[in-house]
Amino acid sequence: MSASKTFLFEGGQADGTEETLQVVIPEVLDPSYGMFVWPCAAVLAQYIWYHRKHVKGKQVLEIGAGTSLPGVMAAKLGASVTLSDDVRQPLCKENALKSCQANGLENVTVTGISWGYITSDMVELPPMDILLASDCFYSSKDFEDVLATMKFFLDQNRGCQCWVTYQQRSVNRSIEHLLRKWDLSCLHVPLASFGADTPDIGGSGLPGDHSIEMLIITEKKEESSD
C-alpha cells in the first residue's frame, strides 16, 4: 500500500531568518527497509535545513538513500544532488525517483552504489562536498562496508564531510573502533544545536521517542611533527 508523508520545516536559520519549506515523501508500507521514512532521516533533514545556506550550490551525495528525505531536502535548497542505493535493490532506487518527482525535482541523479564495492560509476561521479548517510549503521554486519564507502569518497574529495545520523539500538554496537581502523574522525553534534531535540520534526511525528545521534565524519588530520 502506498502513502506519503509531508514535512514542513520552519525557521531554523542560524541568523534567525524565518522561512518554510515543504517536502513530500512517498512511502510504500512494506517490510523492506528503504520504503518508508525512518526517524534518522528527519533528524538529518533538520540538520540540512538548519545549515541551508551552507548546502546551497554544493555537490551532495546520499548513500543508502531509500525514500531520500535528506537528499531531496538538499536538492530543494539548491544543492546538486546524487541519490544512491544498493544496485541489488531496484525498488529503493524507484522510490528515490518517486521522491524527486513528488517534489518537482528534475535534475537529481539516481544511481546504484553498494556499500563496500568500488565501481567505475563511483569514480566517474563529480567531486563531492557532502556525503549524506541516514541510518546506514543499521545492521552491524554492514558497518565496515559503510565506512569503507565513506572512506573512498573522503579520499577522492579533499575537504568532503560525511553528515551521518544513526539510531541508538544497543549500547554494545559502536563504530568507534572502526573509525580508528579506517583513520577517520568523528564529531558528535548535539541535537539541540540545530533544533532537532524534539519528537516531532517538520510536523511528521518523527523521530518520536527514538534516540538519534548526529555525526560529522571526516578524514583524520595528520598530526604535526613540530
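**Ground rules.** I number residues from 1 along each chain as its sequence is written, and my side-chain values use heavy atoms, with hydrogens and water left out. As the model is predicted, I ask for pLDDT of at least 70 for local features and 80 or more for side-chain atom pairs, while totals for chains, interfaces and linings use all residues.

**Entry 1: helix H1.** I looked up H1, residues 39-50. My helices (H or I, at least four residues) and strands (E, at least two) are DSSP runs, numbered from the N terminus. H1 has 12 residues and reaches 17 Å from its first C-alpha to its last, close to the expected 16 Å. That expected span is 1.5 Å times one less than the number of residues.

Next I checked burial, where buried means under 20% relative accessible area, exposed over 50%, and partly exposed in between (1.4 Å probe, protein chains only). In H1, 11 of the 12 residues are buried, so the helix is largely enclosed by the rest of the structure. Among the buried ones I noted Pro39, Cys40, Gln46 and Tyr47.

**Entry 2: helix H3.** I moved on to H3, residues 69-76. H3 is mostly covered too, with 7 of its 8 residues buried. Those are Leu69, Pro70, Gly71, Val72, Met73, Ala74 and Ala75. Just after H3, I found Gly78 with a positive phi of about 105°.

**Entry 3: how the two helices meet.** Two packed helices are described by the angle between their axes and the distance between the axes. How do the axes of H1 and H3 cross? They come within 8 Å and cross at roughly 20°. I take axes as lines fitted to C-alpha atoms, for helices over the stretch in contact, with angles from 0 to 180 degrees between N-to-C directions.

H1 and H3 are therefore roughly parallel to each other. The cut-offs are under 35 degrees for roughly parallel, over 145 for roughly antiparallel, 65 to 115 for roughly perpendicular, and oblique for the rest.

Which residues touch? From H1 I listed Ala41, Ala42, Leu44, Ala45, Ile48 and Trp49, which meet Leu69, Pro70, Met73 and Ala74 in H3. Contact here means heavy atoms within 4.5 Å. By class, I get 10 nonpolar, no polar and no charged residues. Ala, Val, Leu, Ile, Met, Phe, Trp, Tyr, Cys and Pro count as nonpolar, Asp, Glu, Lys and Arg as charged, and the others, Gly among them, as polar.

Entry 4: Most residues other than glycine have a negative phi, and most peptide bonds are trans. I went looking for exceptions.

- Ser68 has a positive phi near 70°, sits in the loop between strand S3 (59-63) and H3, and counts as buried at 0% relative accessibility.
- Asp183 has a positive phi of about 60°; it lies in the loop between helix H7 (176-181) and S8 and is partly exposed at 38%.
- The peptide bond from Leu206 to Pro207 is cis, with omega near 5°, and Pro207 lies in the loop between strand S8 (184-189) and strand S9 (212-219).

**Entry 5: two distances.** Pro190 also lies in the loop between S8 and S9, and it is exposed at 53% relative accessibility. How far is Pro190 from Glu213 in space? I get 7.9 Å, C-alpha to C-alpha, for residues 23 apart in sequence.

Thr119 is in the loop between strand S5 (109-112) and helix H5 (120-123), partly exposed at 33%. Its C-alpha is separated by 23 Å from that of Ser140, 21 residues apart along the chain.
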